[in-house]
Amino acid sequence: MKTWFVTGASSGFGAALARAALARGDQVVLAARRAADLEALATPFGGRALPVALDVTDAAARSAAVAAAHERFGRIDVLANIAGRGSLGAAEEFSATQLREQMELNFFAAAELTRAVLPGMRAQGTGHVLQLTSIGGLIAAAGFAPYCASKYALEGWSEALADEVRHFGIRVTIVEPGAFRTEFAEAKNMRPAQPINAYRPLIAPVEDYLYGTSGQQPGDPERAAALMLAVVDDPAPPLRLLMGVDAWQAWEAKHTAMTAELSAWRARGEATGFPDAAVLPIAGR
């Protein structure tokens, strides 16, 4: 039996993952801003489910939630950082406050909650951190600059973290879904504070795609949850987990284009070094 700590557990990927873990007999801390929203999910599972009110951007609330998890279950085996928020608009259209809000929720909150859980995992000599990013953590496109910036940040932080904690028996998996039937494209998605007409020809089609297909996305959160459970159970889990045909297609297209572009400039890029300098692997790799 594993003990999970799942943020964003009231809807979408968080609710699907929490249900799947509870259904197979695990213990789950269900964290969301309004604990009352979690009662219907928690009630059938009795003492194995612990609803916790948690605004992940609140440092005191994070500490209290982790303490409550340890008080009830004695440990946290899996931290699933699922809570987050999307945004859509041209980079110039968002206010500075909005940019910081996006980073605070999608990056800093996940990073700080991970840091709060790591001491217990190190003491146990085992643990797994699931970081929900997005295909937008690997590929940036017009209309998603703030969102992709926050997910790119979490990707880089988590990749470095995985190197640091592996020898403690702790694993990190970055989960990168494409379009799934969650609330990502609904009312809570951040809209720009200062719309600029000049960007409408570029942004309007992206809005039509995102908001016009809400509820019709190809990805199934329940199947995604089952795959995340399989990753946690695997003795050699991946660092990255792309989910969805659309995510794989987007990544392959970018990888092909990026490789071609980099290769075209490789010789000139390599020629920028001192001719007689020793070339050492970066970061000891």
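The charged end of Arg268 sits over the ring of Trp265, at 4.0 Å from the ring centre. A charge is taken to sit over a ring if NZ of Lys or CZ of Arg is within 6 Å of the ring centre and within 35 degrees of the ring normal. The charged end of Arg122 likewise sits over a ring, that of Phe168, and here the distance to the centre is 5.8 Å. The model is a predicted one, in which local features need pLDDT of at least 70 and side-chain atom pairs count only at pLDDT 80 or more, while totals for chains, interfaces and linings use all residues. Residues are numbered from 1 along each chain as its sequence is written, and side-chain values use heavy atoms, with hydrogens and water left out.

Rings also meet rings. Rings of Phe, Tyr and Trp (its six-membered ring) pair if their centres lie within 6.5 Å, and planes under 30 degrees apart count as stacked, over 60 as edge-to-face and the rest as tilted. Two aromatic pairs are counted by this rule. In the pair of Phe13 and Phe180 the ring centres are 5.2 Å apart and the planes stand at 55 degrees, so the pair is tilted. Distant parts of the chain are linked by this pair, since its two members are 167 residues apart: Phe13 belongs to helix H1 (residues 12-23), and Phe180 to the loop between strand E6 (170-177) and helix H6 (200-212). Helices (H or I, at least four residues) and strands (E, at least two) are DSSP runs, numbered from the N terminus. Phe13 counts as buried because its relative accessibility is 9%, and Phe180 is buried with a relative accessible area of 8%. Here buried means under 20% relative accessible area, exposed over 50% and partly exposed in between (1.4 Å probe, protein chains only).

The loop between E6 and H6 also holds Ala179, which is buried at a relative accessible area of 18%. Ala179 and Pro221 are 42 residues apart in sequence, and their C-alpha atoms are 10.0 Å apart in space.

Strand E1 (residues 3-7) has five of its five residues buried, so it is largely enclosed by the rest of the structure. From E1, Thr3, Phe5 and Thr7 point one way and Trp4 and Val6 the other way, and all are buried. E1 pairs with strand E2 (residues 27-32) in the parallel sense, over five bridges; two strands pair if DSSP finds at least two bridges between them. Thr3 stands opposite Gln27 in E2.

Grid points are joined across faces, edges and corners, and a volume is the space filled by probe spheres set on the points. The structure holds one cavity of 30 Å³ or more, and the largest cavity has a volume of about 40 Å³. Its lining consists of Thr7, Val56, Asn81, Ala83, Leu105, Ala109, Ala110 and Leu113. Helix H4 (residues 96-124) gives the most to this lining, with four residues. The lining residues of the largest cavity divide into six nonpolar, two polar and no charged, where Ala, Val, Leu, Ile, Met, Phe, Trp, Tyr, Cys and Pro count as nonpolar, Asp, Glu, Lys and Arg as charged, and the others, Gly among them, as polar.

Gln98 lies in helix H4 and is buried at a relative accessible area of 12%. Val78, found in strand E4 (residues 78-81), is buried at 1% relative accessible area, and its C-alpha atom is separated from that of Met190 by 29 Å. Thr43, in the loop between helix H2 (39-42) and strand E3 (49-53), is exposed, with a relative accessible area of 57%.

Conventions: On a 1 Å grid over the protein atoms alone, a cavity is a set of points where a 1.4 Å probe fits but cannot get out, and a pocket is an open set with protein on both sides within 12 Å along at least five of seven lines; lining residues have an atom within 4 Å of a point.
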